[in-house]
Structure formats: C-alpha cells, structure tokens
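The following paragraphs lead through one protein structure, element by element. Please keep the sequence and the model at hand while reading.

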Amino acid sequence: MIKVIKMPEPLIKAINVKKYFPVRMSFIRSLKGEEQKWVKAVDDISIDIYPKEILGLAGESGSGKTTFGRTLIRLIEPTAGSVIYKNVDIFKLKGSELKNYRRKLQIIFQDPYDSINPRLTIRDVVAEGLLVNKLVSKDKVDEAVASALEDVKLTPPEEFINRYPHELSGGQRQRVAIARALVLKPDFIVADEPVSMLDVSIRAEVLNVMLDLKEKYGITFLFITHDLALAKHMSDRIAVMYLGKLVELADSEKLIDNPLHPYTQALIAAIPIPDPTAKKAEVKIKGEIPSPINPPSGCRFHPRCPYVFDRCKVEEPKLKEVEPGHFVACHLYDKP
Ligand SMILES: Nc1ncnc2c1ncn2[C@@H]1O[C@H](COP(=O)(O)OP(=O)(O)OP(=O)(O)O)[C@@H](O)[C@H]1O
Ligand code: SF4
Ligand SMILES: [Mg+2]
C-alpha cells in the first residue's frame with residue numbers, strides 16, 4: 001500500500017520568485033546605448049514553507065541566500081513572482097496593508113553590531129516596533145519588553161532594559177535582535193546567518209533561543225547558513241541554492257545522509273568530520289562560483305560538475321520530486 005503523507009497547508013508559498021539587481025553602467029556606456037545588465041541573484045525560485053518548521057537555506061557565498069530571504073518578506077522589492085501568505089500575495093500589497101503583513105514577517109540580521117541602533121537603550125530598541133505599530137498602550141510597553149527579554153533568556157529583564165547595546169556581549173545583542181522581532185508576534189522569521197559573527201562558545205545559547213521560540217510560539221524560521229552541519233542540527237528540512245537557483249530540497253537527515261545533487265554532495269564532502277575513518281562522499285568541485293550576471297547555460301553548475309554530460313550544457317534541469325519530499329534539479333535523475 002502506498003503511504004500518503006498529508007502535508008499541512010504552507011504558511012508561505014513562494015512562486016517563481018526573481019530578484020535581479022541592475023549592474024551600474026558608466027554614463028558613457030549608457031550613452032552608447034549598451035544593454036542594461038542584471039545580477040540574477042534569485043532566478044525563479046518556488047518553494048512551500050510549512051507552519052512551525054525551520055527550513056535551512058544553504059549554499060556558497062554569492063548563491064543568493066540573503067537576497068532570497070529579504071525578497072521573501074519584501075524587505076527588498078521583487079523583480080517577479082508571488083509570495084502567498086494567508087491567502088494574500090504580499091508582492092502585490094501597498095502602504096498600510098503591506099505594513100500590517102510585514103509586521104508578521106521578521107528578520108534577524110547577521111551582524112548584531114550593525115543592526116541595532118547604538119544610541120537607544122535596550123528598552124527602546126525592543127519597544128520601537130510596538131510603538132510604531134501602536135500595538136500596546138504606553139503604560140504596557142515595559143511589560144511587553146520585559147516578557148520578550150525573558151523569552152530570549154536575558155534575565156532578569158530589569159538588569160538589561162536600561163543598558164545600551166555596547167554594554168552587552170555579541171550573543172546578548174543578537175538575543176536583543178530576536179526580542180525586537182518577537183514583540184511583534186511574528187509568524188515567520190528569516191534568520192540570516194544569525195550566529196556566524198559570534199564566538200563559537202556562545203553560538204549555542206542563541207540557537208537554543210530560536211529552537212525554544214519555535215516550540216513555544218510555533219514560529220516558522222528560514223535559517224540561512226553556510227554551514228550544512230549547523231543546518232542539519234537546526235532545521236527540519238534543508239534547501240540548497242546555487243547561483244540563484246534551488247538545486248535540492250529534502251528533510252535534513254535525508255539531505256545530509258543521502259544527498260542527490262552533485263553540488264550538495266560536494267558541499268557535504270567539504271564538511272570537516274571528527275572521525276577520519278568515517279565514510280564520506282568523494283565529490284570535489286573545481287573553481288569558484290561564476291558570476292550571476294552571465295550565468296552558465298543549461299545547468300548553472302555544469303562548468304564545475306564532475307558528472308557533466310552534453311545535455312547539461314544546453315538544457316536547464318527542473319526541480320523535481322524524485323522520492324517523497326526529496327526534490328532535486330539534475331539531469332542524472334531524469335527518468336527516460
Ligand atoms: N544590492 C545589490 N546590488 C547588486 N548586486 C547584489 C546586491 N545584493 C546582492 N547582490 C549580488 O547578488 C548575488 C547574491 O548575493 P547574496 O548576498 O544574496 O548571496 P548569499 O548567498 O547571501 O552570500 P553570502 O553567503 O556571502 O552571504 C551576489 O552576486 C551579490 O553580489
Ligand atoms: S544537470 Fe548535469 S551538470 Fe548539472 S548537476 Fe546534474 S549532472 Fe551535473
Ligand atoms: Mg548572505
């Protein structure tokens with residue numbers, strides 16, 4: 001008997017999302033009528049993100065992870081596509097309607113030293129969104145801020161509320177950034193490499209706060225990282241991006257233990273493992289990630305792929321479900 005796994009309705013449905021950045025041209029070149037070039041940072045990505053999941057998003061530097069995360073919540077304007085959230089295409093919203101939806105879709109940036117205004121106290125940093133959105137009356141602000149600080153384990157909150165960001169450690173600042181998002185009662189948080197700037201010794205406490213928030217409030221996360229081992233630890237599923245495209249998507253364990261796309265295999269082969277006798281894939285990729293201004297034809301990975309064959313150079317592989325819940329974009333898995 002075929003087992004049918006019934007998935008819940010997606011919280012977020014990204015459909016054919018594109019984000020192209022214009023390449024700045026010199027005045028002379030534009031006078032000469034040279035064609036405008038584009039950085040195709042995100043190039044036609046469709047993915048469903050389910051309620052209460054942590055979806056890891058991995059890939060080399062420059063693969064488009066940050067651009068995808070920011071476009072998804074409309075922190076930057078999309079070039080094309082749709083993002084359906086609560087039956088509404090948020091790419092079509094304007095003005096106050098957009099503001100209302102945006103409040104539910106938050107982001108935590110990579111650098112806690114850069115993303116928090118150093119002139120505000122922790123109370124004012126965390127309260128800002130509450131006040132701008134008129135979510136609580138002024139006399140209830142301290143209570144809401146204290147509760148968010150408790151949720152991110154900055155306790156007792158009165159010890160932190162009147163401090164300035166420079167009086168906190170990097171890990172504590174990143175927890176303030178999480179509290180700032182949390183007071184707005186978000187459904188979805190894009191966490192863009194939230195621990196990569198932090199000392200290894202304090203990463204776990206920030207990551208545990210995120211895992212707790214998923215459990216306690218059912219918040220859904222897009223967890224962006226370079227680090228596939230960390231993605232496995234944190235995520236329910238992992239998506240892998242290469243040069244603006246999604247190349248593989250599966251449950252975390254499946255993706256790490258049985259990667260199908262040669263690019264994923266190579267990323268996994270590059271993870272250092274503590275046990276030198278452990279079995280490891282032997283896939284090695286050559287060279288650097290090419291420019292997204294003029295990406296390679298066919299499969300974008302073809303100039304670096306050890307398994308490349310003729311078809312790869314001319315035909316773009318589509319992302320297909322090759323086993324239940326396991327999607328891959330590679331001609332090696334096309335059934336004749
Ligand atoms: N504002 C911008 N204008 C022009 N090009 C941009 C802009 N932002 C990003 N890009 C380009 O888009 C591509 C994808 O960048 P992005 O920052 O999304 O990658 P990433 O996967 O997050 O990389 P990293 O792991 O280094 O953070 C890169 O080639 C980058 O140079
Ligand atoms: S489609 Fe071809 S070039 Fe691309 S990953 Fe698969 S085998 Fe390699
Ligand atoms: Mg990035």
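**A walk from the sheet to the helices**

Of the seven residues of β10, six are buried, so this strand is largely enclosed by the rest of the structure. The model shown here is a predicted one.

Two of the facing positions can be found by name. A239 stands opposite L249 in β10, and I238 stands opposite A250 in β10. The hairpin formed by β9 and β10 has two residues between the strands, and L243 there takes a positive phi near 50°.

Strand β10 also pairs with strand β12 (residues 326-328), again in the antiparallel sense, over two bridges. Here E248 is the residue that stands opposite V328 in β12.

In what order do its eight strands lie? The order is β6-β7-β8-β3-β9-β10-β12-β11; the sheet is open and its pairing is mixed. At the edges stand β6 (105-108) and β11 (320-323), and each has a single partner strand, so one side of each is left without a neighbour in the sheet. From one strand to the next, the twist averages 25°.

Helices lie against this sheet. Helix α2 packs on it and touches β3 (54-58), β6, β7 (188-192), β8 (220-224) and β9. The direction of α2 makes about 155° with that of β8. How many of the eight residues of α2 (residues 65-72) are buried? Six of them are, so α2 is largely enclosed by the rest of the structure. The buried residues of this helix are K65, T67, F68, G69, T71 and L72. After α2 comes R74, with a positive phi near 60°.

Helix α7 also meets the sheet. It lies across β3, β7 and β8, and runs at about 155° to β8.

Helix α7 has a helical neighbour as well. The axis of α6 (residues 170-182) and that of α7 (residues 200-217) come within 9 Å and cross at roughly 20°. Angles under 35 degrees count as roughly parallel, and that makes α6 roughly parallel to α7. The crossing in which α6 passes α7 is right-handed. On the α6 side, the contact is made by G170, G171, Q174, R175, I178 and L182; on the α7 side, by I202, E205, V206, V209, M210, L213 and Y217. By type, the residues of this contact divide into eight nonpolar, three polar and two charged.

One residue of that contact can be followed further. L182 lies in helix α6. Is L182 buried or exposed? Its relative accessible area is 7%, and buried means under 20%, so L182 is buried. Leaving aside residues up to four places away in sequence, L182 touches A148, D151, V152, L213, Y217 and I219. A148 is 34 residues from L182 along the chain, yet the C-alpha atoms of the two are separated by 6.5 Å.

Helix α6 is also a packing partner of α4. In α4 (residues 122-132), the residues I122, V125, V126, A127, G129 and L130 are buried. The buried residues of α4 pack against α5 (141-151) and α6. What follows α4 is K134, whose phi is positive, near 50°.

A last stop is helix α3 (residues 95-102), where K99 has its place. The relative accessible area of K99 is 45%. K99 touches V132 and N133, when residues up to four places away in sequence are not counted. V132 falls within the residues 122-132 of helix α4. From K99 to I161 there are 62 residues in sequence, and in space the two are 27 Å apart, C-alpha to C-alpha.

Notes: Residues are numbered from 1 along each chain as its sequence is written. Chains are lettered from A and ligands numbered from 1 in the order in which they are written. This is a predicted model: local features need pLDDT of at least 70, side-chain atom pairs count only at pLDDT 80 or more; totals for chains, interfaces and linings use all residues. Side-chain values use heavy atoms; hydrogens and water are left out. Axes are lines fitted to C-alpha atoms, for helices over the stretch in contact, and angles run from 0 to 180 degrees between N-to-C directions. Helices (H or I, at least four residues) and strands (E, at least two) are DSSP runs, numbered from the N terminus. Angles under 35 degrees count as roughly parallel, over 145 as roughly antiparallel, 65 to 115 as roughly perpendicular and the rest as oblique. A crossing is left-handed if the near helix is turned anticlockwise from the far one by less than a right angle, and right-handed if clockwise. Contact means heavy atoms within 4.5 Å. Ala, Val, Leu, Ile, Met, Phe, Trp, Tyr, Cys and Pro count as nonpolar, Asp, Glu, Lys and Arg as charged, and the others, Gly among them, as polar. Buried means under 20% relative accessible area, exposed over 50%, partly exposed in between (1.4 Å probe, protein chains only). Two strands pair if DSSP finds at least two bridges between them.
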